[in-house]
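Dear colleague,

Please find the structure below, handed over for your reference.

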Amino acid sequence: MSRNWFHRLLISYLPVLILIGCLFVFIGIIQLSELSQRNAVKSSQIYAQNLQNNIDTSLRSIEIMMIEMISRNTKPTSFASMESSPEFIVDLSQLLQGMVSTNSLIDSIYIYRAGDGTIVTDQTKLTLEQSADGSFVEANLSALSKGWSDPRTFRTFKIGNEKKTVISIAKGIPLTGKGTALLVVNVKVDSIQQYLDKFGQSDVSYISVSDRAGVEMFRQGGRSSHEDDIVVTSNYTGWTYKSGLKEEIMGNVFSYITSGWVMLGFLGLLIGIWWIIYISRKNYKPIETMMSRIQKYNQQHKNSFIQEASVDDLSYIDYTLSNMIEASEDYENRNQENNRFRRLRLFQQLVEGVESINQEEWNVSLRELEIDVFTCASVSIIEIDKYSEFISQYSHADQGLFKYILTKVVDETAKADSLRIWQEWVTNHRLCVIYFGNDEELQHQLGSRILTQSEQIREWLQNNLKLTVTLGIGEAVTEASAVSVSYDTALKVLSYKSALGSNRVIGHWEIDVLSHDDMFVYLQYVRTIAQAFRVGSEKWQEELKLLFDGLRSLLLPKEEIDSVLIYMNFFFHREMTELPPVYQTLWNNEFRIQWIERMESLETLDEVESFYLERLTSCDRKMKSLREEKGNHAIVRRVREYIEEHFDNPDLSLSMLSEKFNMNASSLSLLFKSEFGEKFVVYLCQVRMEHAKELLRDGNLPIHEISVMVGYLQPISFIRTFKKTVGVTPGDYRKVHQ
């Protein structure tokens, strides 16, 4: 066998381990014997306690059943009030039978009335003179309930039926009264004995139960009582439960100590001690040599970090080696950390546009990137989509792993295309990558290669990690000081993710030609959407779709989209305040609170549109249900349908509607205001303007003809009203939407 240090120690100490193990086994036998006895005693205590709790619970449930019957059922009170009709007596007897069938411990039950001495049992009706339980009734009729009685002899009639040993409980009717009526429940002692025989079986312990006077009532198990037995007294029944071991479990410690096995173990221990002393002395020679060399080194390097041994030789050797290794690793880590910090600081200076860049550090970084001369560069920013869901779905360690894989994918794809890159995380969810062009590479060629590589990165992450990212590519620059310009361009490009969509590559060339001159026109939809929603018109869904279609066509950055949404939410809030408070509460619960919770996680216009449509539809459906619950909803609906059909009538007015529907004009106006939160005139104007917008979008009719078709005889009045309501003239509206 090889004579290395590990094998020598193994051969030296393995026999000792075996000998000491045997010693512990023998000692364990004694400990297990004592532990077994303690556990058996503890088991007896738990055994008695559980039986006591179970029996108390069963008896207490009977008492609770009696109290509930007296307090909740009118029949016992009616019986005490001298109700004696045959039908009533039968019902009362059936009620008592139900109690007997409900609990298997109940043997019999009866109710006694002091007024005429009548007793009704679960089987029959008799008088106190016929009953054999008169003494118990008289003793408990005028006294407060004393709980369960001691075992006593019971039979229903004085003659003719067998005697039973029972325990009884009596409750006065009513509970707070005395001397009116009495409800008595009897439980056979044999039933409790059967319960003990069924659920109190134990191979280790016995159980005996005694009443308040100390007379033994029940027993399970064959051994007699002993002074060391466990005694448990019930606070509820006053019974005493005694439990103990059926057989004595005693260990003779002296017999174990004087046994041959224990003596053999003790002898093995002595041999093991001698062996350890001998072999340790023999194997200490190499350590002694090492110690002498370390001490000699310390004498030559008194100013070094290595100190004298403070505990033992092996600890001293370990301390010395650990300090030497730690010093070396600390030096390497500091050097790497300094390099890392220097590169990160230089990277930040580049993207932030700091003018005073250390040229020496810049040249070092270029050499590390294997770049001889800086010709051109372009910045790409990779943003993790739905970052709030990303951090809630994955642990901190998994997030770090995903980000590490992302950087490796970027690095590997760049190497595969011979692109030299410099990448750093600028925020928790954005990775900034600087691409450097070759000496002979032109700016537009670099952008084309970055676009190709970015698509490869996006597809790989989506297919392999189920992680989507959006990449923004900035313009290429030819000066190192202009890298910040490319970085700012990439940031600006990413702000268009809301309009262009996530999980894609967006180049700076895609947004250079965008124009937002028509945004004001689309903002006019906001007011009509909110107004149509408030009055319950189905037009709001169509208008909402047109608004989001328009925003998508404008390709707005995220900041401007957020401004539009704030503008729309303001109008919705203002319109909903016109309705009664119940509608405002519904609006807050169905939309406003949901928007506050979800606004940060909605990144694209498609997601925002889906959210608005879902929540507004839910709120609209519930608002309609509230309106239908009102008594006047039917007449308001008929008026509204009439307006929808005859909006083109120039003579349509509140007076005309009041005559049509036989209602007072003032009442109709108030009803309209309560239902839709606005006056009749405003609602009629909105209906006419909605139909006018349809005609302007879908046809080429002249303005004056459309004016007549929607109920305005004078085109000037129509144009003025349209501009006031929609925000633009009919002509401008037609230009935008055709």
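Phenylalanine 402 counts as buried because its relative accessibility is 14% (buried means under 20% relative accessible area, exposed over 50%, partly exposed in between, with a 1.4 Å probe and protein chains only). Please note that this is a predicted model, in which local features need pLDDT of at least 70, side-chain atom pairs count only at pLDDT 80 or more, and totals for chains, interfaces and linings use all residues. Residues are numbered from 1 along each chain as its sequence is written, and side-chain values use heavy atoms, with hydrogens and water left out.

Phenylalanine 402 belongs to helix H11 (residues 396–416); helices (H or I, at least four residues) and strands (E, at least two) are DSSP runs, numbered from the N terminus. Apart from neighbours within four places in sequence, phenylalanine 402 is in contact with Phe390, Tyr394, Leu465 and Leu467, where contact means heavy atoms within 4.5 Å. Between phenylalanine 402 and leucine 461 the C-alpha to C-alpha distance is 9.6 Å, at a separation of 59 residues in sequence.

An open sheet of mixed pairing is formed by 5 strands in the order E12-E13-E11-E14-E15; two strands pair if DSSP finds at least two bridges between them. Its edge strands, E12 (420–427) and E15 (505–507), each pair on one side only. Strand E11 (residues 377–384) runs antiparallel to strand E13 (residues 430–436), and 7 bridges join them. In this pairing, isoleucine 381 stands opposite cysteine 432 of E13.

Yours sincerely
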